Amino acid sequence: MTVAPIEGLPPSCYYFHSFISPAEEEQIIKDIRRLPESRWTALAHRRLLSLPSNLTGSSHDILVDAPLPTYLDPIVARLKDQKFFEESPHRAPNHVLINEYRPGEGIMPHEDGPAYSPITATVSLGSHTVLEIYQKTEQGEREAKPTWRILQEPRSLLVTTGDMYVHTLHGISEIETDENLNRHNIVNWDLLGDGDLYESGRIRRQTRISLTLRDVVKVAKLGGAMKFITRGRS
Ligand SMILES: O=C(O)CCC(=O)C(=O)O
């Protein structure tokens with residue numbers, strides 16, 4: 001795997017097609033689908049699982065110490081091999097947000113915030129998507145239109161860190177078909193594994209599951225976390 005940042009973006013964002021195999025993708029989707037419906041949080045435009053648990057405490061920034069699901073082991077091992085989390089406090093991701101989007105669903109532009117060490121690793125399963133990156137104005141507000149678009153193929157990995165993490169926002173439009181896909185509009189066009197699939201410039205989305213792996217800075221043992229929760233309520 002060659003580790004080179006995507007050119008044209010603020011430092012630093014890395015894209016790797018075929019980060020996992022089709023067999024691994026199928027197995028992880030099966031493992032996720034095995035989880036009871038009640039574990040998911042249904043939102044207006046996607047559904048969401050937070051594992052090993054939701055962040056807690058009055059600022060929602062504390063993780064109760066627990067392992068990630070074992071079906072993510074191959075992904076975590078590869079992230080460690082590539083030393084992406086080398087500078088984060090636990091030198092590995094300890095939390096995953098699993099988002100499921102049907103065609104037409106997306107996520108509002110947002111920043112990932114200070115609960116996490118400033119590095120995010122996202123693996124896409126089942127479908128491509130287009131992540132839109134927004135810059136901030138001098139007043140710190142989000143610009144009206146995205147400056148860059150990143151095409152994430154199924155089974156790919158996108159790593160965001162540094163200025164990209166701190167100074168930009170990202171979102172996914174609520175559309176069924178991605179259009180205007182070409183080397184002028186897609187910043188990682190030359191890094192795609194299966195570029196031919198997108199040559200027509202448009203492609204319909206399928207149901208996509210994204211795994212967003214991060215390192216939560218504050219981790220507490222169960223007893224310790226209870227103290228934070230109680231304090232937050234008093
Ligand atoms: O699904 C994605 O690729 C983006 C997810 C995301 O932005 C988030 O979980 O904060």
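I began with what covers the buried residues of helix 2, and the list includes helix 1 (22-33), strand 7, strand 10 and strand 14. I took contact as heavy atoms within 4.5 Å. Buried is under 20% relative accessible area, exposed over 50% and partly exposed in between, with a 1.4 Å probe and protein chains only. Helices (H or I, at least four residues) and strands (E, at least two) are DSSP runs numbered from the N terminus.

The model is predicted, so to speak of local features I need pLDDT of at least 70, and side-chain atom pairs count only at pLDDT 80 or more, while totals for chains, interfaces and linings use all residues. Residues are numbered from 1 along each chain as its sequence is written, and side-chain values use heavy atoms, with hydrogens and water left out.

**Helix 2**

I looked up which residues of helix 2 are buried: Ile75, Val76 and Leu79. Down the helix axis these fall within an arc of 95°, so they line one face of helix 2. The arc is that of the directions from the helix axis to the C-beta atoms. Just after helix 2, I noted that Lys83 has a positive phi of about 60°.

I then traced the open sheet, in which seven strands follow the order 1-10-7-14-5-3-2 with antiparallel pairing. Strand 1 (13-16) and strand 2 (41-43) are at the edges with a single partner strand each, so one side of each has no neighbour in the sheet. Neighbouring strands are turned by 20° against each other on average, direction ignored. For pairing, DSSP must find at least two bridges between two strands.

Phe16 has Leu157 of strand 10 as its bridge partner. Helix 2 (residues 73-81) packs on this sheet and touches strand 7 (116-125), strand 10 and strand 14 (208-216). The direction of helix 2 makes about 50° with that of strand 14. Axes are lines fitted to C-alpha atoms, for helices over the stretch in contact, and angles run from 0 to 180 degrees between N-to-C directions.

**Whole chain**

I find four helices and 15 strands in the protein chain. Of its 234 residues, 48% are buried. Among contacts between residues at least 6 apart in sequence, 79% join residues at least 24 apart. The C-alpha atoms fill a box of roughly 55 × 45 × 35 Å along the principal axes.
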